[in-house]
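Here is a short note to read beside the model.

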Amino acid sequence: MLPSRYVKHSPASHESVSVQVLVLGDIGRSPRMQYHALSIARHGGRVDIIGYHESPPHPELLTNPRVKIYPLASPPSVLKSIPFIISGPLKVLWQILSLIRVLGYQTPPARWLLVQNPPSIPTLVIALVISVLRNTHLMIDWHNYGWTILAGTKGENHPFVKISKVYECVMGQVAPTANITVTHAMKRQLEQEPYNVTAPILVLHDRPASIFQPLKSLPDRRDFLERLPETKDFASNIIAGETRLIVSSTSWTPDEDFSLLLDALVAYAKQDDTPPIIAIITGRGPQKALYEQKIQDLQNASKLPNIHIRTAWLTMEDYATLLSCADLGVCLHMSSSGVDLPMKVVDMFGSGLPVAAYSDYESFDELVKDGVNGCGFKTADQLAVVLRRLFTEKGSTQLQNLRKGAEKESALRWDEEWDRVLGRVIGVID
C-alpha cells in the first residue's frame, strides 16, 4: 500500500505548515536540525523529527506540543561483530526499511521534508522516493559531504568513496526542491563541477541558540564551577585567574586530530612561567578510549606538569554554562571538504568565549576572525604559542579583547538568521 499524500491547504496558514526533519543520527547530537525544528514550531508549524533517540535532545523539543519525535530503531548490535563487507550492506538495508516505515507510514504527510546531509547513504535516495510518493517538497541541509568524510578513513581512490561521490552528486542534482548550506564556500562548490546543483541554494550560517549566553555574574560562575565535578577542585584558582580553564568539544572521530591539543599542552607545560591549565574535553565517540589512554600515558610519564585534563559528557545546559565560565575554547575540527564549519565554535561565541581553532581550510574566515574573536593554528607548536601568549600576564589584554569580539559575535542569534533566510521559504513567516 502506498503512503498517504500531502494535500495543500488553501488558503495556507502558518499553523498548516508541516515539516518532517530527518537526521540519520542521534537527534540529541544534531543541534542544527533541532534548531530548525524549534524555529518552525515557534512560528506555529508542526514538526515531526525522525532520528535515533540516544542522548537527550534540546529540552524545548520535549515540551513543545507542536513537535513530535519519531525514533528510528538502531541496527542490531550483532552487526558490529561481523566483517564490514557483510555488516555494511546489512546495516544499510536495515536503515532503508526503518526510514521507509517511519517516513512513509508512521508519520503524517508533510509539506516539507528537511534532511541532513551527511550521511547521504541511504538517506538522500529514500528521502527523494518518499517526497515523490507523499507529494512533499524536499530540502537538503548540506552540513558537509558524505564522500569526503569517507575518504578521510578509506582514501579518495577507494571504490566505496568513488561510488559515494557519484551518488551524492547525482542526488544533489535530481533530488531537492531547495538546498541549504552552512557556508558561502559550500554554495559555490555545489553550483560547480562535479555537483552542478541547479535547484536554489540558500546560505544559512550556524548561529548560537538562546541557551548559549555570556555569564556576567561572578557568584554564578563560582557556584557552577564548584558544583561541576570536573572543576570543583580548581574553582577558586580558576576564579582568581591562577589556573586557566579551556574547553574543547569533540566527537572523537578521525576528522578531529586530538593529538594536536595533547602535543600543544606538552609543549606548553615545558615553559616554567606559564599558569596551570585545566582542560575539559566534552563529547562521545569511537576514539575516546584511545585518547584517554594517551592522556594517562602522558601523565604517567610526567609530560603534563600543571596540566589537568578531564573528559566529560554534559547536559546541554551544563555545557552551555561551562563554555561561559571558560577562558578559551579550542576547536580541532579539520574540514574534510574544506567548506564546512564547526557548530561548536558558534556555541562558544554564543557564550562569549574566544576560540583557538584549526584554520587550514577554505571557509575558516567565514566564522573566526583571527585577532578579533579568536586565533587560528595549523600545528601543535602554533597552538602552544597561542596558549602561552594568551595565558601569560602580557597576553591578558589580548585575551580580553578577543572575549569582547566573541561577545559581539554572540549578538548574532539563530532565530534572527533562520527567520531571515528560511522563514518565508518554509511558509511560517509572511
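1. In β13, A356 has C375 as its bridge partner. Strands β12 (residues 355-358) and β13 pair in the parallel sense over four bridges. Pairing here requires at least two DSSP bridges between two strands. Strands are DSSP runs of E, at least two residues, and helices are runs of H or I, at least four residues, numbered from the N terminus.

2. This is a predicted model: local features need pLDDT of at least 70, side-chain atom pairs count only at pLDDT 80 or more, and totals for chains, interfaces and linings use all residues. Residues are numbered from 1 along each chain as its sequence is written, and side-chain values use heavy atoms, with hydrogens and water left out.

3. Strand β13 (residues 374-377) is covered on both faces. G374 and G376 are buried on one side, C375 and F377 on the other. Buried means under 20% relative accessible area (1.4 Å probe, protein chains only).

4. β13 belongs to an open sheet of six strands, ordered β10-β9-β8-β11-β12-β13, with parallel pairing. Its edge strands are β10 (307-312) and β13, each pairing on one side only. Neighbouring strands are turned by 20 degrees against each other on average, direction ignored.

5. I281 has T311 in β10 as its bridge partner. Helix α12 lies across β8 (244-249) and β9, at about 140 degrees to β8. Axes are lines fitted to C-alpha atoms, for helices over the stretch in contact, with angles from 0 to 180 degrees between N-to-C directions. Contact means heavy atoms within 4.5 Å.

6. Another open sheet has seven strands, in the order β3-β2-β1-β4-β5-β6-β7, with parallel pairing. β3 (67-71) and β7 (201-203) are the edge strands. β6 (residues 178-181) and β7 pair over three bridges, and I180 stands opposite L202 in β7.

7. The second largest pocket holds about 210 Å³ of space. A pocket is an open set of points on a 1 Å grid over the protein atoms alone where a 1.4 Å probe fits, with protein on both sides within 12 Å along at least five of seven lines; lining residues have an atom within 4 Å of a point. The lining has 13 residues, with L215, K216, R221, S324 and R403 nearest the centre. α8 (218-227), α12 (316-325) and α15 (396-409) each give two or more residues to this lining.

Technical notes
Grid points are joined across faces, edges and corners, and a volume is the space filled by probe spheres set on the points. Buried means under 20% relative accessible area, exposed over 50%, partly exposed in between (1.4 Å probe, protein chains only).
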